[in-house]
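Please look at the structure before reading on.

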Amino acid sequence: MTGLPWDASYDGPAPWDVGRPQPAIVRVAAEGGFAGAVLDAGCGTGENALHVASLGLSVLGVDVAETALAIARQKADDRGIDAEFAAADALQLEQLGRRFDTVLDCGLFHTFDGDERARYVASLASVTDHGGTLHLLCFSDGGPDTGPHPVSQEELRTAFDVGTGWQVTAIEPDRVQTRFHDDGAPAWLATIKRI
Ligand SMILES: C[S@@+](CC[C@H](N)C(=O)[O-])C[C@H]1O[C@@H](n2cnc3c(N)ncnc32)[C@H](O)[C@@H]1O
């Protein structure tokens, strides 16, 4: 998995790069959804990771796009926020040699197809402590004017079937803000436990 195609997305403002954390993630954080060591998988330019880090949590954001990571590091410096950003393939997270209590996926799962989804789910499991939590925000098939690669609830439940070491505890309708939706696009906010 090379980051080059994704890097190109960051030559200008990417469609998903709204310059602030996603309201759904801000809400999860305000409700105490993040604890311990936090991983943001596919962190992009880091708005969500930086928000969680600003609350005093230890956060690592990983992405394949070096351009996005450079922007994220610059934001952390400019804002005086202590957060770590590293290049890593979310399909091979075990190579990080680290473990996490809470994982965030904001817009990454829905970019993967078939085989990649199974690899991604296993990769996430390999770095998440038992009892840990994954918060996953993705475009949903639940309304008009959704984003690319919308996902159904069934696809989420199939991907994170108990046999994979995960248990879906909630899937709620939500919104993902983009640069092309005035009021965000239809999304699912899934809460998934590592068992
Ligand atoms: C739709 S964007 C979302 C970015 C960010 N989470 C946000 O909300 O702004 C998906 C991100 O996943 C990254 N990505 C794609 N494939 C990846 C992989 N295999 N490993 C790590 N990051 C990946 C892309 O570079 C991109 O930054």
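The model is predicted, so local features need pLDDT of at least 70 and side-chain atom pairs count only at pLDDT 80 or more, while totals for chains, interfaces and linings use all residues. Residues are numbered from 1 along each chain as its sequence is written, and side-chain values use heavy atoms, with hydrogens and water left out.

The table lists polar contacts, meaning pairs of N or O atoms within 3.5 Å.

| Protein atom | Ligand atom | Distance |
|---|---|---|
| V64, polar backbone atom | nitrogen | 3.4 Å |
| A90, polar backbone atom | nitrogen | 2.8 Å |

Taken alone, the ligand exposes 590 Å², and the protein buries 95% of that (Shrake-Rupley method, 1.4 Å probe).

Around the ligand there are 18 residues, of which Y10, G42, D63, A90 and C106 come nearest (a residue is near if one of its heavy atoms lies within 4 Å). This shell divides into 12 nonpolar, 4 polar and 2 charged residues, with Gly counted as polar and Tyr and Cys as nonpolar.

The structure holds 0 disulfides, a disulfide being a pair of cysteine sulfur atoms within 2.5 Å. The sulfur of C106 has its closest cysteine sulfur in C138, 9.7 Å away, which is too far for a bond. C106 counts as buried at 16% relative accessibility, and C138 is buried at 1% (buried means under 20% relative accessible area, with a 1.4 Å probe and protein chains only).

Note on methods
A polar contact is a pair of N or O atoms within 3.5 Å; within protein, one must be able to donate a hydrogen and the other to accept it, and residues adjacent in sequence count only if both atoms are side-chain atoms. Buried means under 20% relative accessible area, exposed over 50%, partly exposed in between (1.4 Å probe, protein chains only).
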